Amino acid sequence: MKKNEEKLSKPVTSTKGPGMKRRNFLKLLGGGILIFFQPWNVADLLAVPQQQRRTLTKDYNAFIHIAEDGNISCFTGKIEMGQGIITSLAMMMADELNVPFERVTMVMGDTDLCPYDAGTWGSQSTQTFGPAMRAAAAEAKAVLLDMASAKIGVPVSRLEVKDGIIADTSNPGNSVSYAQLAKGQKLEKYLEVKPASEEYTKFTYVGKPFNRVDAIEKVTGRAKYTGDLKIPGMVFARILRPPSHGAKLISADVSGAEKISDVEVVRDGDFIAVISGNKDKVDEAIVKIKAEYTFNEMPVSDKTVFDWMVKAESRVSVVRTGGDIEEGRKQSDKVFESEYHDPYVAHAAIETHTALAHMEGEKMNVWASTQSPFGLQDAIVNELKMTRETVRVRTPYVGGGFGGKGAYQQGVEAARLAKLTRKPVMLVWTRDEEFFYDTFHTANVIKVSSGIDKSGLITFWDYHVWFAGTRGAEIIYDVPNFKTTSYSENASAFRVHPFGTGAWRAPNNNSNTFARELQIDMMASAAGIDPLDFRLKNLKDEKMIACLKSVADKFGYVPARTPGNRGIGIACGHDAGTWVAEIVEVKVDKGTGKVQVVRVACSQDMGLCVNPEGALLQMEGCISMALGYTFSEEVHFEGGNILDRGFDTYQIPKMSWLPKIDCVILERKDKPPKGGGEPAIIAVGAAVANAIHDATGARLYRTPMTPERVLEAIKKV
Amino acid sequence: MEETIRFTLNGKKTELLTDPSQTLVWVLRNQLGLTGTKWGCGAGFCGACTVLLDGEPVRSCSLPVSDVAGKKVITIEGLEKKGKLHPVQKAFVEHDALQCGFCTPGMILTSVSLLQKNPSPTRQEVIEALDENLCRCTAHVRIIDAVMDASKVMKGGK
């Protein structure tokens, strides 16, 4: 805090920060005190797709507003989609500023009111944004203390804040509230803050279980999602879609749709839509359009994709290497070669991509379910040849994202229709469209070659990963000779995916963890060593060791060689700065191949846990969601045609699949907080595969482990 | 052709001039402003659009509004009584039985119907009753806990 004192003593009242063009937020908010801060560094921006990046190096992309009534708001481009940051970030603010939780509001995802933010993903909100916001809040408090000191004539050292009131510790009657200080002010401050890492123990809210602030609205139906909004004169739209990716429209006969009462056909070149004030009418009309297409299918399907990927012309890079693979091979007593497959997986949020757009005069107002309101704003600006000043995107509650709502095509489409028709247009993607235009978790192939010596120590690790990226691809074990080679898409030379792909909860870390942890299990089994002992023997990573030991404790793990007819499996890894270990127990029906997970124990080291209740919810959610990619989720396709377009064939986890779940969050109050929304999803598939092996001796080298595949593997034993 | 449909909606007699072939979900959401009923798949698979029809959970996306004539419809907005949450709603809040909240109204209504018919369900019965309601954020554990808890509270007459 000290570092900034000098700067703070000279209030900056200009509305222009250093080196930036800035909208006049004070004018928008009508007064009070604004504290701008900069939660992102350049490294964070590298994760943002090129087209969504803005020059940000000296920008301030969040601020805290102390309003004239003493209420505190944090304005951020981040959004709430169920992950709970609307609660956890507000808890941090309330603590840092010593105000009651009820007086803190998070204003999120409004491109007019909030400073630029690339998007909400990668478990970054709490670990990167949180500490910066806390530091800014601490600075805001310092500003308020300075002002209070001047106002009531008491040195700052004698002041204390409680419930938003600053008082003289030696004369508590001499006090002034935040509201009184903010009254009549028009003050803006730009702070160079460093994320704080002070002790968290003194906090009222942070670190203690806390229920969601949005819960009451959500259980009563009052919470507004994009699709719940209504503007007078609003029409619903449906857009004519090609039957497969790559198909081109040659002709369309819209007369059938035009005949339906209250329906209007909108056409702009190949872009054809129907609109009506009656939602059922647009559904009826869209299928009446007779359209013809030419097809240009890529010769690949879900059956051939793995072979296709390995043969594809790709960009090859050695991610990390050490020692000498060949030397390690020579030292090996046993060598293991395996190939692992993982298919395309859908995001399948229950709320489909939805947007409402309304053009009033020159201003385009858009409300959208998106993880990237500013990305959508830019896309509309580019596609509709508008300016940023004339496009405002707002983000009501988002009904689940999981990475899938980083894409915002629906928002651009709604804006386009609003511009063409000059009517407020509501576009709710159908479930079919949601599957068709999803940016799937990418399919991938991983080949691992590894060895152990006679004592059960890993001698070498040669890891090749096609199209799963490198998140989770590191060898977490202590291996002298290792090499990780990544093969990624070289789109200009060869297009690999016939449709969109993108980030899916802990992007592809589950694929890498699956391959690594099965390979480890295989070696443990061949060495005749208990899989937990084998891991501990080959690990030096203290965090991983602590997670494994605590999860074994929680589970009541008894060491044994595998397969041991028990159905117990282990896997571990790390993601988003968080370490995680899981032990599962399964029951395998050897007649049908059906596998039921009986229980899961999970231990996590996530640094300081800001909201233990929220973190547990995320861990349980990750584990339950993981049952989908583990057992059933796979997008079937033939060229550009997506064959799974609904929940009839694409099965996501159901209540009856649920195991008993026991979670441990390791006490790390002295460490900065890390990501909590994704890590626990990465190890479930691997732990289950290892448990199936323990139960039956059968090895499955791919997800999802459907009953047919389990049966087939059992037959091979 | 529009027709007049009469039914009881959240305890109130309702008369509506509407296209009888429209689905109940869009009549509720668009004509009656009851947007707590969500639209998730349009094919009856996800359960987000669940409402109670004469006490039974039904998928309002697959039901023409003409089918509710003369019947009683309860939506999520009809559960609160005099500003007081229904015990199932309260239990969902207390158990953090939701994340994005999009499946929540359907989950709650299906649970209310279960508890009306079976005030003391076993855990397994709760799972079976809710098995066709999908939740992608996977708050499942908390949802089951919440319903079990609500059943205890309701029996106690609280």
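Mentor: A:Pro673 counts as buried because 27 C-beta neighbours lie inside 10 Å. A residue is called buried if 20 or more other C-beta atoms lie within 10 Å of its own, exposed if 12 or fewer, and partly exposed in between, with C-beta atoms placed from the backbone. This is a predicted model, in which local features need pLDDT of at least 70 and side-chain atom pairs count only at pLDDT 80 or more, while totals for chains, interfaces and linings use all residues. Residues are numbered from 1 along each chain as its sequence is written, and chains are lettered from A and ligands numbered from 1 in the order in which they are written.

A:Pro673 belongs to the loop between strand 28 (660–665) and helix 19 (684–696) of chain A. Helices (H or I, at least four residues) and strands (E, at least two) are DSSP runs, numbered from the N terminus. Between the C-alpha atoms of A:Pro673 and A:Gly30 the separation is 34 Å, and the two residues are 643 apart along the chain.

Burial also describes strand 21 (residues 458–466) of chain A: eight of its nine residues are buried, so this strand is largely enclosed by the rest of the structure. Strand 20 (residues 444–452) of chain A runs antiparallel to strand 21, joined by eight bridges; two strands pair if DSSP finds at least two bridges between them. Here A:Lys447 has A:His464 as its bridge partner. The hairpin of these two strands has five residues between them, and A:Gly456 takes a positive phi near 90°. Strand 21 of chain A also pairs with strand 22 (residues 481–489) of chain A, in the parallel sense and over seven bridges, with A:Trp461 opposite A:Phe482.

Elsewhere in chain A, five strands form an open sheet of mixed pairing in the order 4-3-2-1-8. Its edges are strand 4 (104–108) and strand 8 (186–190), each of which pairs on one side only. Strand 1 (residues 32–37) of chain A runs parallel to strand 8 of chain A, with five bridges between them, and A:Leu34 stands opposite A:Glu188 in strand 8.

In helix 9 (residues 279–286) of chain A, the buried residues are A:Lys279, A:Lys281, A:Val282, A:Ala285 and A:Ile286. They lie on the same side of helix 9 of chain A because they cover an arc of only 155° around the axis, the arc being that of the directions from the helix axis to the C-beta atoms. These buried residues pack against strand 9 (235–239), helix 8 (255–258) and strand 12 (271–276) of chain A, together with helix 1 of chain B.

Two residues are in contact if their C-beta atoms, placed from the backbone, lie within 7 Å.
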